[in-house]
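Please read the points below beside the sequence and the structure. Each point takes up one topic.

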Amino acid sequence: VIGGFGIANTVSKTVMEPYITLPIILAGVIAAIAWNLFTWWKGIPSSSSHTLIGGFAGAAIMAHGFEAIQLSIILKIAAFIFLAPLIGMVVAFGFTLLVLYICRRAHPHTAEVWFKKLQLVSSALFSIGHGLNDSQKVMGIIAAAMVAGQSEGLGMGINSIDDLPDWVAFSCFTAISLGTMSGGWKIVKTMGTKITKVTPLEGVIAETAGAFTLYLTEYLKIPVSTTHTITGAIIGVGATKRLWGGWWGLSAVRWGVTKSLMTAWVLTIPVSALLAAGIYCIVSLF
């Protein structure tokens with residue numbers, strides 16, 4: 001695997017190892033699930049990775065104070081709330097202009113047929129990036145739990161993420177595949193129609209740009225949001241439409257929807273942290 005599970009390693013180090021306990025991890029995971037279900041219900045493509053990290057950190061802060069977290073890692077991850085979609089947007093914008101120039105003499109019907117076929121390839125590339133990136137975030141949390149289990153003398157513990165059993169990786173890969181197959185159609189509708197209408201050509205470019213961004217951040221070992229990345233790429237594609245209709249053609253993007261998405265992105269880490277802090281207070285009573 002690219003990076004040797006570097007993203008999982010980054011996530012597991014969000015909280016300082018001496019302060020990691022199973023109740024902290026439990027509270028963080030419950031908070032992450034709650035926020036993910038709420039945003040899914042509202043049709044908002046939020047970040048599961050930032051939810052997990054916010055929950056993990058929030059529970060640790062409630063238990064031990066701010067000294068329990070690795071602030072530099074959290075700030076780097078938070079910065080990519082804005083950088084990941086920006087990279088995806090710029091790459092998609094450039095790809096779109098390049099492809100339109102190359103295909104400028106192609107017959108529209110023929111081009112659409114080919115791009116429908118190419119979308120199978122681009123979606124596969126993006127899906128691989130999604131699996132590599134998002135599955136590792138859960139692996140990082142599981143690794144942290146197993147390290148905590150080792151220090152508490154429980155069975156199946158490990159000393160570091162390098163000792164993570166293969167079954168953990170395969171379980172995470174399988175779970176994320178099943179979750180993707182099971183639906184989430186409200187979010188699919190938001191991504192496919194509400195930001196800007198996406199044609200096969202634009203879908204190929206957005207998915208390719210999103211995959212490129214995910215592979216880059218995987219190499220840098222930085223956990224980013226797949227949803228943030230593809231949203232930025234879709235905006236980049238939309239920015240090339242009606243170039244005469246507004247500054248850089250951005251009038252083709254529905255900014256009311258985009259602002260709502262960005263608000264949810266910014267709120268994800270602090271809201272998850274607060275939820276996890278409250279849940280930890282309840283868990284610690286038992």
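1. Trp41 counts as exposed because its relative accessibility is 53%; exposed means over 50% relative accessible area, buried under 20%, and partly exposed in between, with a 1.4 Å probe and protein chains only. Trp41 lies in helix H2 (residues 22–42), helices being DSSP runs of H or I with at least four residues, and strands runs of E with at least two, numbered from the N terminus.

2. This is a predicted model, in which local features need pLDDT of at least 70 and side-chain atom pairs count only at pLDDT 80 or more, while totals for chains, interfaces and linings use all residues. Residues are numbered from 1 along each chain as its sequence is written, and side-chain values use heavy atoms, without hydrogens and water.

3. For the protein chain, the mean pLDDT (the predictor's confidence in each residue, from 0 to 100) is 81, and 86% of the residues reach 70 or more. Confidence is highest in helix H3 (residues 48–64), with a mean of 89, and lowest in helix H7 (residues 185–194), with a mean of 59. Over residues 243–252, pLDDT stays under 50. Where pLDDT is low, the predicted coordinates should not be read in detail.

4. The protein chain has 10 helices and 0 strands. Of its 286 residues, 47% are buried.

5. Among contacts (heavy atoms within 4.5 Å) with a separation of 6 or more in the protein chain, 82% join residues 24 or more positions apart.
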